[in-house]
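I opened this notebook to record what I looked up in the structure, entry by entry.

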Number of protein chains: 2
Amino acid sequence: MAVNLVIPDRTAVHSVAGVEIGIASAGIRKAGKKDLTIFRLASGSTVAGVFTTNRFKAAPVQVCEAHLALTEGTTNIRALVINTGNANAGTGETGLNVANQTCETTAQLLGLTPQAVLPFSTGVILEPLPIEKIQSALPRAIADLSPDNWFDAAHSIMTTDTLPKIYSTQIKVGEQRITITGISKGAGMIRPNMATMLGYLATDAGIAAPIMNDLVKDLANHSFNRITVDGDTSTNDSFILMATGQSGLLIQSKQDPMFETLKQALTVAARDLAQKIVRDAEGATKFMTIAVEEAGNSAEALKVAYAIAHSPLVKTAFFASDPNLGRILAAIGYAGIDDLDVNQVKLWLGDVLVAQDGGRHPDYLEHDGQRIMKEPEILVRVALGRGLTNETVYTCDFSHEYVTINADYRS
Amino acid sequence: MAVNLVIPDRTAVHSVAGVEIGIASAGIRKAGKKDLTIFRLASGSTVAGVFTTNRFKAAPVQVCEAHLALTEGTTNIRALVINTGNANAGTGETGLNVANQTCETTAQLLGLTPQAVLPFSTGVILEPLPIEKIQSALPRAIADLSPDNWFDAAHSIMTTDTLPKIYSTQIKVGEQRITITGISKGAGMIRPNMATMLGYLATDAGIAAPIMNDLVKDLANHSFNRITVDGDTSTNDSFILMATGQSGLLIQSKQDPMFETLKQALTVAARDLAQKIVRDAEGATKFMTIAVEEAGNSAEALKVAYAIAHSPLVKTAFFASDPNLGRILAAIGYAGIDDLDVNQVKLWLGDVLVAQDGGRHPDYLEHDGQRIMKEPEILVRVALGRGLTNETVYTCDFSHEYVTINADYRS
């Protein structure tokens, strides 16, 4: 029961010059499931990524970070290998060996160095990843490489997602038409014993290696780092930006007048892919945007936004379409801003001003709140009256279905 | 469906010399419900309290803090007035006036100053508290004052609690037999639009005013400040310690050899009353003790304990009796200890060592985990390998019933 998750037609998904995708079935967890996906990037592509901050970092994440650090200018990554069905997390030294072997086999088959390959895994955690199944399926995935496989890849990286998540657009930057296409997966930070949110965003614009790291962090901070379903940060979260340069457009520095245009377009793409994860979240029936304004700094804005977004009481009230203002005010109050003056706080549901001066707005009518709460997409807006910083976080409600999904014994 | 919540017989609840309790029906929210409770303390009693840290602090909490601060040595508090049905929170200036009027009327009727009265409210928030109903019921509550009303008071302070919460004991401290009796209420940090956990603990031991504040904080840090149901800190949380001195025992300082004995006994009492709130938590089917050991300091031990205790994924796994180790390890990993070495972490379910060296223990058998998870009381023990500090937090699982209760439209 995803919330307003739009899937483009297969024909509306643009291939990205310089990116080929191949898909195969390795039978990692279920026989016949397409569970192995490989990206091959043209020479000269730049790549950067952001990864989970969880200290129980999955083996493939550790290998990705090492390979991206090794390539320094981030220009030498040429392939990505993604398996579903097993997260290769909580697997110790053995898991690291398996992730490295995946890179080695891929490198041999494609004529690359192992350090040019990034591995990704998603699925069951604390189980050994069967490397031999991946090794035997890799040649079939490579034989399948084609620029036109984005739509199918959005499906082959799914685990317990109910719908594929794809974004694709073409825009003009200066005189140059460029393509931006991306896919993501995830339906809650962790599914029943299934870990990981993954996001892959590619453009045929060229972006010089030295600015890629800052750019991917900036994109993540406006998209994948601003969504939450249950506050549980997985062991495998990864978001990768790839720029092939095949369109002819090349951005050399942040001072380039076209950098901002491209960044805006990439931000829209990353945010769309991130929001799609929330729209398909476990048991979600509502999509909520929590906008905190007039904060003294970004950290305190996010404290308030996440206090609201993580409160089980707020989330169940949204599930019930109950404009339970007390729960939202209480969450603002315990968010951890020690010198918050509650008399300066204003709260809106949609366009309705519901609270100010430390309590309910005198003109507030319950049925106005009710009207907003019945919508499938709801804006909660808080003004703190402390400064000029704004932050926005995206989340969903908390339903019976969430408990049902997560209380199912692992199967 | 409270978890192993033991209610003593009425005859096993000892009155506390110097404490009288009166109960009446004010009809604040429901006609006929006993919703007004008054404590009268003998002259010479000492009183101290700890209160919510929520910035949207309820009016009665603000008045309590002011009156306790005014009395400096905390020797002049002589009465407590508690109403259910309305929390007098999010009510601005009007709410403060109402809380002060409650104190004034009580003071007039008992021949005290208003500053000798502490007001408490629990119930609906963001609604005006009908002061006239309280004022007209106060004489009836006062007429009811008796040392033998503890058992009934445990009922009259309930809102959506399913069971009353009472602890009572008599012990010898030195040569002196003393009594400790307490009651608490709360069933989740906030019920559907119902706020507040309240705790009242009294002894006929005498405790000198200057050491009361430290003592009540210490007790709270081993009891009411170590429980969590959903992480939502209410606007009204209050815990009050009262020492009448009527037994003849008087503790003058922390150096008194009997101080530790009394403190231990009071800690047991406070912890029991706090745990009873978790046992009666919204939809709880399991009672979980999260013990974090070998931490570098208290703050990091609590970070890990609360990350586990607040994870909806961990809580739903406990509901399902699913020994889902990956979720617990992931919660430890994202708890916010940046330099945590996961290879040093050990995890036990009950007496079963389930994880070490960054992954599952090689000898761990799923059916051993299953056996523990099926119990109604479960110990989760984590050793961080970083130092000598231990902290323990108490929580419950997350069930369908929780969503049902909290998604009910306010009624």
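**Entry 1: chain A as a whole**

I looked up sequence separation in this predicted model: of the contacts in chain A with a separation of 6 or more, 81% join residues 24 or more positions apart. I then listed the secondary structure of chain A, which comprises 11 helices and 19 strands. The radius of gyration of chain A is 22 Å, and the globule rule gives 22 Å for 411 residues, so chain A is as compact as a globular protein of that length. Along the principal axes, its C-alpha atoms fill a box of roughly 70 × 55 × 40 Å. I noted burial as well: 60% of the 411 residues in chain A are buried.

**Entry 2: helix H2 of chain A**

I checked the length of helix H2 (residues 92-110) of chain A. At 1.5 Å a residue, its 19 residues should span 27 Å, and the end C-alpha atoms are 28 Å apart, which agrees. Which residues of H2(A) are buried? I found A:Gly95, A:Val98, A:Ala99, A:Asn100, A:Thr102, A:Cys103 and A:Thr106. The cover over these buried residues includes helix H1 (59-70), strand E4 (79-86), strand E5 (117-124) and helix H3 (131-143) of chain A. Just after H2(A), I noted a positive phi of about 70° at A:Gly111.

**Entry 3: the two copies**

**Entry 4: the interface**

I counted 49 residues of chain B in contact with 49 residues of chain A. On the chain B side, the elements that give two or more residues are helix H8 (312-319), helix H9 (325-333), strand E17 (359-360) and helix H11 (400-407). H9(B) gives the most, with 8 residues. By class, I found 21 nonpolar, 19 polar and 9 charged residues on this side.

**Entry 5: the nonpolar core**

I looked up the largest nonpolar core, which has 272 residues. A:Ile308, A:Ile332, B:Ile308 and B:Ile332 have the most contacts inside it. What is A:Ile308 in contact with, leaving aside its neighbours within four places in sequence? I recorded A:Ile290, A:Val314, A:Ile328, A:Ala331, A:Ile332 and A:Val380.

How values were computed: Residues are numbered from 1 along each chain as its sequence is written. Chains are lettered from A and ligands numbered from 1 in the order in which they are written. This is a predicted model: local features need pLDDT of at least 70, side-chain atom pairs count only at pLDDT 80 or more; totals for chains, interfaces and linings use all residues. A nonpolar core is a set of buried Ala, Val, Leu, Ile, Met, Phe, Trp, Tyr and Cys residues joined through C-beta atoms within 7 Å. A residue is buried if 20 or more other C-beta atoms lie within 10 Å of its own, exposed if 12 or fewer, and partly exposed in between; C-beta atoms are placed from the backbone. Two residues are in contact if their C-beta atoms, placed from the backbone, lie within 7 Å. Helices (H or I, at least four residues) and strands (E, at least two) are DSSP runs, numbered from the N terminus. Ala, Val, Leu, Ile, Met, Phe, Trp, Tyr, Cys and Pro count as nonpolar, Asp, Glu, Lys and Arg as charged, and the others, Gly among them, as polar. The radius of gyration is taken over C-alpha atoms; the globule rule is 2.2 Å times the number of residues to the power 0.38. The expected span of a helix is 1.5 Å times one less than its number of residues.
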